[in-house]
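Student: I would like to learn how to read a structure like this one, feature by feature. Could you take me through it slowly?

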Amino acid sequence: MEPALAASAASDVVTFSDGLGDRRDAVAGPGENDGVEILSLRSELTEVPAFEFALRERAGRLAGFRHAYFGRVRSVDRLSDAKSTLAVISDRTPGIRLSDLLAATESQRLTLDINAALCLVRQLVPAVALLHEHAPEVAHGAIGPERVIVGPNGRLVIVEHVLGAALEQLRYSHERYWKELRIALPRSASLPRFDQRADVMQMGVVALSLILGRVLREDEYPAKIGDAVSSAWAISARGGLEPLPAGLRAWLGRALQVDLRNSFATAKEASIELDKVLGDSDYMAAPAAVDAFLQQYHAAVDPPPAAAPVAPAPKAVAPAPKPAPAPKPIVAAPATPAPAAARVIAPPPVSMPAAFIEPIEPDDDGESDSEEDHSMTQHRKPAQRSGMAAVAAGVLIILAVGGFFAARKYGTAFAAPPPTGTLSITTNPAGAEVVVDGESHGVTPVNLTLKTGEHQVVLKGAGDPRTIPITIAAGAQVSQFIDMPKAGAATGQLQVRTEPAGAQVSVDGVPRGPSPAMVADLAPGSHTVAVESPLGAVKQTVTVEAGTTASVVVPLAPVENAPVSGWVSVSAPVDVQLFENKKLLGSSQSDRIMVSAGKHDIEVVNEILGYRAMRTVQVPAGKVASIKIDFPKGTIALNAIPWAEVWIDGEKVGETPIGNLPVTIGPHEVVFRNPDLGEQKNAVTVTLNAPARLSVDLRKK
């Protein structure tokens, strides 16, 4: 599409806005019926010199990529408006943005149940894996509810998949990417990277949002993302809460990289593991669940259509008489009383033959004759009217008798069937007997068609029967997932949290990993929970019931007058990670890191910059040991056409060409200035891996 066409055809109405910019609908072009969507990017983004180049390169790289899970990007153009706005022009994707669906779910209190959520997740994860398989070096980079659309048929479509490389050129911090653009990125020791691991984390954010039934709040990521995963519950079709399976909770933690050592590295790995998790569960991640949710959404959000005005009925004019054959006689069967509860529908109307209807002629002014004129007519034709009256009376009697029997006949044959809805019931374990309103309907899993209204569903399995009230609306699809006690081996779950987190958890002497921990498949009864950390050890007895999740919070405090731990504080120009014995302790983004008191050999690492250094530190009990990192220098080569003066981080370093200039490793701002051609600003990262090189052409604007 030509830029002028895009600008002139675009609507003034903004259909959606976020941190990336405004979106408007437009006509595709002359002679085309399909519409397009124009994303006008914010000027704060496009002012970065490398942004546009990276965007165009990525759009060209993916020009041949086509799939139903991805909205087609047509081009990247400058619009013909006053600001020559940089825009991404894509095919318009019918449907509703997931961010809008989640906002309505929270505000309207809709029920986005676990089956609908997992149906969408099951589409999202393999779709991203498909993109990575097509272009292994490419990542979407901006996956989020704002850039996912749910179509009318429940199909998920990912849009704006060409932005990742351009967004990386902004060189924002992790926090700024999240707060300004709602883009989640993995923690790293340097500037964020928009790679496949970033896409995996962003998939995890979307999956968690779907399970929670709302978008993540600003303060939940990244600091509280682990707490959000550990406290998440599944939402049933009736809006109630049920325990989230341990396998699914673990999958979310790996996708969101709560534990870097056990996170998914690729979307393909996440997709394979998701299939295993859902295969082991009894959830029905089926499109019917999404359809039922979309019906809720439209009923709550879309206004009802206005009633069409009723036109006044035209004034009836009696038709002119037409000759017709006499009616055939009707022989009536002996009458029997109709049942009291029978619904009687009137039979099709029976027209009286025109020969038995005497028309009333209008006057010259178009009005019917008066009673006086009509009586004169009767006086002129007494014999004819007397005979016709007798015949008409007979016909009316026959029609009345026939109508009675027709009503009985048609009342049964043409009565509309009562409205119904469907109910799907799944239990864990399967095989529970289903009784609806006192009538048995087999065993779970089962799909039933029920009349609209309220019903009582009783599930009979091991243990006491479960009674569930259900309300069926016309055309609605209701799904119920019920945890039933398991015969002979009913189990429960236990969630263990400590303050502070990170303590090692054991249940009945079996290690269960660091807190917070979710322990599944525990037999009902009492269990001994033990937690250990440098702050001390605590044992506690907890009672677990079948089919439920018990929770325990263990506060930890140092032993009075005998501190056994201390902290390490790291100061570095950019973020670094700390390892001890090849195990990650934390990063410099933490104010301080708790370790045991005593001597520690700590490796300080920034993989992006190629920096590794060992530091030995003595940690006093109950105090903070500081580590200060001074980065070494790398080299950079600079050039400009035709020439330029160069400043690095505000300090002038000379005129181009400049080769092998020593510069401290890390990110820097480089400014090229020419008195005739102006200046250009560029961001560059100097590493120990190889010399950095930067060249610009000041003749190009």
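Tutor: We will go through sheets, helices and some backbone features in turn. This is a predicted model, in which local features need pLDDT of at least 70 and side-chain atom pairs count only at pLDDT 80 or more, while totals for chains, interfaces and linings use all residues. Residues are numbered from 1 along each chain as its sequence is written, and side-chain values use heavy atoms, with hydrogens and water left out.

Student: What is the strand order in the open sheet of five strands?

Tutor: Helices (H or I, at least four residues) and strands (E, at least two) are DSSP runs numbered from the N terminus, and two strands pair if DSSP finds at least two bridges between them. Here the five strands follow the order 1-2-3-5-4, and their pairing is antiparallel. Strand 1 (14–18) and strand 4 stand at the edges with a single partner strand each, so one side of each has no neighbour in the sheet. On average, neighbouring strands of this sheet are turned by 25 degrees against each other, direction ignored.

Student: Which helix packs on that sheet?

Tutor: Contact means heavy atoms within 4.5 Å, and axes are lines fitted to C-alpha atoms, for helices over the stretch in contact, with angles running from 0 to 180 degrees between N-to-C directions. Helix 3 (residues 49–61) packs there, touching strand 3 (35–41), strand 4 and strand 5, and its direction makes about 155 degrees with that of strand 4.

Student: How many bridges join strand 1 to strand 2?

Tutor: Four bridges join strand 1 to strand 2 (residues 21–27), and the two run antiparallel. As one example of a bridge, aspartate 18 has glycine 21 in strand 2 as its partner.

Student: What is the order in the open sheet of three strands?

Tutor: That sheet has the order 6-7-8, again listed with antiparallel pairing. Strand 6 (96–97) and strand 8 (156–158) are at the edges, each with a single partner strand, so one side of each is left without a neighbour in the sheet. Strand 7 (residues 148–150) pairs with strand 8 over three bridges in the antiparallel sense, and isoleucine 149 has valine 157 in strand 8 as its bridge partner. Helix 5 (residues 114–134) packs on this sheet, where it touches strand 7 and strand 8, and its direction makes about 35 degrees with that of strand 8.

Student: What span should helix 5 have, and how far apart are its end C-alpha atoms?

Tutor: The expected span of a helix is 1.5 Å times one less than its number of residues. For the 21 residues of helix 5 this should be 30 Å, and the end C-alpha atoms are 30 Å apart, which agrees. As for burial, buried means under 20% relative accessible area, exposed over 50%, and partly exposed in between (1.4 Å probe, protein chains only).

Student: How many residues of helix 8 are buried, and at what angle do helix 8 and helix 10 cross?

Tutor: In helix 8 (196–212), 15 of the 17 residues are buried, so it is largely enclosed by the rest of the structure. The axes of helix 8 and helix 10 (residues 246–255) come within 8 Å and cross at roughly 140 degrees. Angles under 35 degrees count as roughly parallel, over 145 as roughly antiparallel, 65 to 115 as roughly perpendicular and the rest as oblique, and the two helices are therefore oblique to each other. Among the residues that meet are Val200 and Met201 in helix 8, with Leu248 and Trp251 in helix 10.

Student: Which peptide bonds are cis, and where does phi take a positive value?

Tutor: Most residues other than glycine have a negative phi, and most peptide bonds are trans. The bond from tyrosine 221 to proline 222 is cis, with omega near 0 degrees, and so is the bond from threonine 656 to proline 657. Proline 222 is in the loop between helix 8 and helix 9 (225–230), whereas proline 657 is in the loop between strand 34 (651–655) and strand 35 (658–664). Serine 84, which is not a glycine, has a positive phi of about 50 degrees, and at 32% relative accessibility it counts as partly exposed. Aspartate 521 has a phi near 55 degrees, belongs to strand 21 (residues 517–522) and is exposed, with a relative accessible area of 58%.
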